[in-house]
Amino acid sequence: MSSTSSAAPASTSLPASLDLPPHLSAQKYFFVCTLTVLAWDTLVLTPRSYKLGRSKNWPALKALYYFLQVWVLADFVVTGAMFFSTSVTQANDCRRFWPYEPICTAILLFAASSIHVIRVSAIYSHASATRTTLLALLFVQAVVTAICCGFYRSVGLRDGQGCIAGPLNNMSWVGIYWLAPTILYATSFSLALMKSLGTLEAKPLTYWRLMLRDNLNLYGAVLLVNLVNVLFYFIMTPTDSADPIKTIVSSMAGVLTATMSMRIVLGVKGPLENGGSFTASGSAVPSSGISGSLTAPGVGVARGGGARTFTLGDIHVQSMNVERGTKEEGPWDLDKNSVEAVGGDAKAVLPIGGDGDSDRIASRVGVQITVDQEVEYDRPLRRK
């Protein structure tokens with residue numbers, strides 16, 4: 001007689017670090033993407049950060065840039081280490097750690113928003129109405145985020161699943177923590193966009209080139225990622241109090257807000273003092289004896305309090321003489337870097353363009369020369 005025995009399969013259970021609900025698993029994957037973006041962006045910006053650090057002055061934009069570069073690492077690297085740790089306990093470690101993330105992120109958002117306030121105010125030449133509006137929004141953001149930090153708690157996960165800070169009992173109204181900065185970023189993007197569109201009358205450009213010239217893509221990226229994060233807070237419905245669905249996009253929103261704001265600083269053309277200047281043609285103003293400005297192309301000659309502007313397309317003279325004094329010096333012009341003695345007096349020769357070798361305009365009074373330059377974005381340079 002033969003007996004048959006059926007062996008029941010041994011029950012196996014996954015460790016808590018691998019036995020994850022769908023929303024928590026999605027957040028862990030998304031956090032990996034966030035840390036990857038942070039590492040890549042830090043690597044890419046290192047040469048430009050070094051170049052910026054070699055400048056002598058330390059205006060507010062430069063200080064905020066380096067603060068963000070360090071703070072974003074301190075915020076999300078530490079948060080990521082606690083999030084992926086399998087040895088932390090909910091009762092002890094996570095209950096002590098949860099205030100770290102919302103407080104650090106609130107400071108990060110304040111620094112990034114300060115960059116937007118300073119830069120957009122400078123774009124509008126520090127107009128009182130614009131600056132007051134942006135400063136009021138910045139103050140509201142600081143107050144709201146500080147208060148809302150007290151309504152975050154550690155999400156009730158199992159031991160070994162890491163630590164996550166989320167709204168207390170998944171309350172949707174805690175989303176105003178992110179709504180306040182989102183309103184500021186929407187305002188800064190709108191103001192920057194209107195300023196850029198206003199320059200199209202003087203210099204027509206395609207919208208794509210306009211966006212790249214004035215860094216509108218950076219303002220838009222900051223607004224978009226914060227808007228998506230706000231929608232997650234107010235729309236997504238969690239399954240229970242341990243569901244971290246509302247905070248899935250928060251890490252990416254914080255990292256992209258910091259890195260895009262840092263790129264806004266790097267996108268300023270010219271010095272960063274007082275928020276930098278707004279250059280409609282995208283060229284920096286040279287600091288030589290012959291100053292370049294960014295208006296219509298031409299050469300302006302100021303005599304006393306007045307000025308005459310010559311447009312290159314409307315005149316046909318080759319050069320003009322500008323009195324440099326009565327002391328005789330060596331020959332000079334823009335091509336040969338020399339001063340030419342004319343009739344016993346030293347005259348500076350500034351070539352303008354023409355067909356002949358004559359037509360020089362002599363001046364017996366002191367003058368100031370302004371060379372207006374313009375960069376053509378829509379047309380390739382033509383070789384003559």
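Tutor: Gladly! Helices here are DSSP runs of H or I with at least four residues, numbered from the N terminus. The model is predicted, so local features need pLDDT of at least 70, side-chain atom pairs count only at pLDDT 80 or more, and totals for chains, interfaces and linings use all residues. Residues are numbered from 1 along each chain as its sequence is written, and side-chain values use heavy atoms, leaving out hydrogens and water.

Let's begin in helix α3 (residues 90-97), which holds both aspartate 93 and arginine 96, 3 residues apart, or about one turn of the helix. Their side chains form a salt bridge (a side-chain nitrogen of Lys or Arg within 4 Å of a carboxyl oxygen of Asp or Glu), with N to O at 3.5 Å. Aspartate 93 is partly exposed at 26% relative accessible area, while arginine 96, at 61%, is exposed. For these words, buried means under 20%, exposed over 50% and partly exposed in between, using a 1.4 Å probe and protein chains only.

The whole structure has 3 salt bridges. Another one joins aspartate 41 to arginine 263, at 2.3 Å from N to O. Here the partners come from distant parts of the chain, 222 residues apart: aspartate 41 sits in helix α1 (residues 22-53) and arginine 263 in helix α9. Both residues are buried.

Finally, look at arginine 213 and aspartate 214, whose side chains meet at 2.9 Å, N to O. Arginine 213 is buried, with 3% relative accessibility, and aspartate 214 is buried too, at 11%.

Definitions and conventions. Helices (H or I, at least four residues) and strands (E, at least two) are DSSP runs, numbered from the N terminus.
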